[in-house]
Amino acid sequence: MTTTSAPRTVNPPLPQTRSMLPGWARRHSSPLLGVAGVVVVLILWQICSATGLVDVTFSSNPLRIADAEVKLFGSGEIFPALGATGYELLLGLIITFVAGIPIGLVLGRSKILHDMTEPIVNVLYSVPYVMFLPIIIFWFGINNTSRVLVIVWAGILPLIINITAGVRNLDSDYTRVATVFCTPRLKFFYTVALPATLPYILAGIRLAVGRALVGAIVAELFLASQGLGYFVQTKTSNFDMDSAMAGIVILAAVALLLNWGVRLIERRFTHWAGAQ
């Protein structure tokens, strides 16, 4: 008995769709789409305030915020607050990086230290540091030391967790080669562990910078009489919502610039790891 198979049909190849965007726009499509999203939100915000859907007294609008920005920078009123926040953030980040990177490398390399400290790190990372502000005030008072401590607390934990995970996931071939050549422990850290975990370190730095900025603003809300956080709080209390929203926009711009800077460093030094 013979069977006849049905003739196979071959679908014609689908025509390839070509993007209508020029080459420059295709290469920068992600940031352009991000800017477009922000512009759409600002336009909707302006329309809602102009039509009375939102009360401009409590929410301001983009045009009034832009006018407030011009006045703040033109009069120089914003510069002391910007300088105070920048100084505290810079000091806190330097301490975070100098202390957090070696601690993360050591905890990732030593199983005993990792097991001993993992519960403490998880608890400190999970519990909001705002809960400890009364204790910080009791110990250090309301001064620059307390604010820098809050910034370090906010930023160092994600950095340590990220670096520890990077060292523990280190390629076993690296460790085996280092053992074969009897590499000293200290030399292993800066010749093997540090370069191999660089993608984890930079990812941790990106998280640390964002959380440190939040920590700086929280510290200024509760522990300061200067800085951007205090500026926004004061303007909000005085119902000067245009200036308050202008301060928030400056904070957002600072956060975007810091994040953009870290991403540039990631692309420059971790391109071998496929960083985007």
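**Exercises on a predicted model**

At 0% relative accessibility, A216 counts as buried. The structure is a predicted model, and the exercises below refer to it.

**Exercise 1.** State where A216 lies and which residues A216 touches, leaving aside those up to four places away in sequence.

*Solution.* 
- Step 1. The element that holds A216 is helix α11, which covers residues 198–223.
- Step 2. Buried means under 20% relative accessible area; A216 is at 0%, so it counts as buried.
- Step 3. Not counting residues up to four places away in sequence, A216 is in contact with L89 and I151.
- Step 4. A216 and E88 are 128 residues apart along the chain, while their C-alpha atoms are separated by 7.2 Å.

**Exercise 2.** Locate C182, describe its phi, and decide whether C182 is buried or exposed.

*Solution.* 
- Step 1. C182 sits in the loop between α9 (172–180) and α10 (185–196).
- Step 2. Its phi is near 50°, which is positive, and C182 is not a glycine.
- Step 3. Most residues other than glycine have a negative phi.
- Step 4. The cut-off for exposed is over 50%; C182 has 63% relative accessibility and therefore counts as exposed.

Technical notes:
Residues numbered from 1 in each chain as written. Predicted model: local features only at pLDDT ≥ 70, side-chain atom pairs only at ≥ 80, totals over all residues. Heavy atoms only, no water. Helix = DSSP H or I, 4+ residues; strand = E, 2+ residues; numbered from the N terminus. Buried < 20%, exposed > 50% of the residue type's maximum accessible area, 1.4 Å probe, protein only. Contact = heavy atoms within 4.5 Å.
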